[in-house]
Structure formats: C-alpha cells, structure tokens
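Please keep the sequence and the structure in view while reading.

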Amino acid sequence: MSKIALRNFTFDAEKKPIIMGILNITPDSFSDGNRFISYDNALKHCEVMLREGADIIDIGGESSRPGALPVSEQEELDRILHISEAIYKNFQCCISVDTYKSRVSDECLKVGASMINDIYGLTKEPQIAETVAKYNAGLCLMHMRGNPEIMQKDTLYSDILTEINDFLINKADYAISKGVKTESLLLDPGIGFGKSVEDNLKILNNLGLFSERFNVLIGTSRKSFIGSVLNKDADQRLYGTISSNVVSLMNGAIVFRVHDVKEHRDALDLAFEILKAGK
C-alpha cells in the first residue's frame, strides 16, 4: 500500500515521504513540554511546521513519555479542542489528534481533525474505531505494552516482532470490521513504548514485516534509544533521529512523526529520490 485517505486528505507515498509534525500541548512532554501550551505559541509553531513541509500536524494533550501519568478526559479537551479547531480554521491542514479517549476523538473530529493517533491501539476504548468510521477519518494503531507510567519496567519478549505484528494486525482487522477503511489505517510498532534499546533497533531493521498489508508510521524523534546509542541528551538527537528515519524509509515506513520538520523534509526527500532512482 502507499496511498493514505484521511477524511478530506489523500497522500501518496509513491510521490514523497509523508511528514507528521508534532505539536504537544502539554506541560510535561519529554523534549518540548510547556513550549507550545499557549494558544498563540501553538498556532505559530503549527504555521512554521507547515511552511517547512509538514503534511500532517499531530496534536497531543497528554504526555506519553516514560513515567507519565494520565490526564482526565476534560483536561485533555481543555488543552487541545480549541487549538485544534483554530488550526483547522486558520490553515485547513490535515490534523491528527494523539488520543486514546473516544469522547476526545469525537469532539476533535467534529471540529475538523482528520485522524486519530491511538497509542493504545484500541485496547483502552475500542469504540474509537466506530467514531473514526463515522467521520470517514484516519486511524493510527500503535503497539505498547502496559502504559506510559510502567511501560519501561517490563521489556522482555519471547518474540517481539511476532508479538507486535500479531497485535497490530488483530486491531487493524477489528477497526476494518467497524467500518474504518484499509487505506485510512496506519500501523505504528511503538518505538520506545515498552521496548529495550536493542528491541527498538531490531524493530527498525524489520519494518517490512509490518508493511506487508498496511501502511506504517514510525515515531523515533529524539527518543531515549537514540540517546543511549549516541550518548546524547534529547536536544542533541537530531542527527540520530534523521538516521533512524532514513533507515525506516528504506525498510518500508511511509509516515514519519517528527519534531524537526525542515531537516526531515530535506533528508527524507533526498533519500526517497535515491531509492526511487534505483528501481
């Protein structure tokens, strides 16, 4: 697969890599917490990311960093609903909402969002699938063991690739049974979510397993496995992130969730043209 249908937006990964710019409306995200929590800063940053080449803006109102605690449904809505509506009205861009709550999904889709990015992969509130189908929107299903508060306390798997693939395929088939279109689904193996450094590297080297039936989204941006390998703090992981995403492109990923849009637009576009020239 290569085409993605997200409500009123269609993207063709045979023409270019698809970049998802991260907009965290949170006080505690691991790399940019509290930077864009104000209305004006969020709009300005969105405008910058779109200008730099983002195809999708992913808005999150609850941190999923290791150790993070959940926030209430109402608090999440208070953080992101008004900003989501303003971004759609101002820029008419493709908006993804990073949430696992059905009501938050419905309210944000109602004001113009085109996609829901569910880090729990429908395990928390499976009715999200029906909500997404109602709006003919997109849905990203991610694999995570446990929850952000405890996920890094148990990273032992007997066969991590099979476990992730079986989980994602099962949830994707469920979403389709509830009316979500195959071309509207993205699968995310969940880099950094209940995985060791070695697990993350293994997953990135085997993304073809997950892209056999569905389009794959990858999110490595500034994550701790990069810091562990390179001995770099979060604000020094740009080059490591670019490297991981270029390898991911080579191995079958087509959507890339990143903090640094401009740098990834250049790097991934060039890598894409090189790969295309070799066919």
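Contact is taken here to mean heavy atoms within 4.5 Å. Under that definition, and leaving aside its neighbours within four places in sequence, Leu-139 is in contact with Met-115, Ile-116, Asp-118, Leu-122, Ile-128, Val-132, Ala-175, Val-180, Ser-184, Leu-185 and Leu-186. The model is a predicted one, and what follows should be read with that in mind.

**Overall fold**

The protein contains 9 helices and 10 strands. Its radius of gyration is 17 Å, close to the 19 Å that the globule rule gives for 279 residues, so the protein is as compact as a globular protein of that length. The C-alpha trace spans about 40 × 40 × 35 Å along its principal axes, and 57% of the 279 residues count as buried. Among contacts between residues at least 6 apart in sequence, 70% join residues at least 24 apart.

The accessible surface comes to about 11,900 Å², and carbon and sulfur atoms account for 48% of that area. As for charge, the protein carries 32 positive and 39 negative side chains, with the centres of the two sets lying 2 Å apart.

**Nonpolar interior**

In soluble globular proteins, nonpolar side chains tend to be buried together. In this model the largest nonpolar core has 61 residues, and those with the most contacts inside it are Leu-23, Ile-87 and Leu-139. Helix 5, covering residues 160–177, gives the most to this core, with 8 residues. Apart from it lies another core, of 15 residues, which includes Ile-4, Ile-56, Leu-217 and Ile-254.

**Residues in loops**

Which residues does Leu-139 contact, beyond its neighbours within four places in sequence? Leu-122 is one of them, and this residue is found in the loop between strand 6 (115–118) and helix 4 (128–134). Although Leu-122 is not a glycine, its phi is positive, at about 70°. Because its relative accessibility is 2%, and buried means under 20%, Leu-122 counts as buried.

Asn-231 also has a positive phi, near 60°, in a residue other than glycine. Its place is the loop between helix 7 (224–230) and helix 8 (238–250).

Gln-127 lies in the loop between strand 6 and helix 4, and at 37% relative accessibility Gln-127 counts as partly exposed.

Pro-70 sits in the loop between strand 4 (56–60) and helix 2 (73–91). Leaving aside neighbours within four places in sequence, Pro-70 is in contact with Glu-62 and Tyr-100. Pro-70 and Ser-221 are 151 residues apart in sequence, and their C-alpha atoms are 21 Å apart in space.

| Residue | Relative accessibility | Class |
|---|---|---|
| Leu-122 | 2% | buried |
| Gln-127 | 37% | partly exposed |
| Pro-70 | 56% | exposed |

Technical notes:
Residues are numbered from 1 along each chain as its sequence is written. This is a predicted model: local features need pLDDT of at least 70, side-chain atom pairs count only at pLDDT 80 or more; totals for chains, interfaces and linings use all residues. Side-chain values use heavy atoms; hydrogens and water are left out. Helices (H or I, at least four residues) and strands (E, at least two) are DSSP runs, numbered from the N terminus. The radius of gyration is taken over C-alpha atoms; the globule rule is 2.2 Å times the number of residues to the power 0.38. Buried means under 20% relative accessible area, exposed over 50%, partly exposed in between (1.4 Å probe, protein chains only). Accessible areas come from the Shrake-Rupley method with a 1.4 Å probe; for residues, only the protein chains shown count as cover. Lys and Arg count as positive and Asp and Glu as negative; His and the chain ends are not counted. The place of a charge is taken as NZ of Lys, CZ of Arg, CG of Asp or CD of Glu. A nonpolar core is a set of buried Ala, Val, Leu, Ile, Met, Phe, Trp, Tyr and Cys residues joined through side-chain atoms within 4.5 Å.
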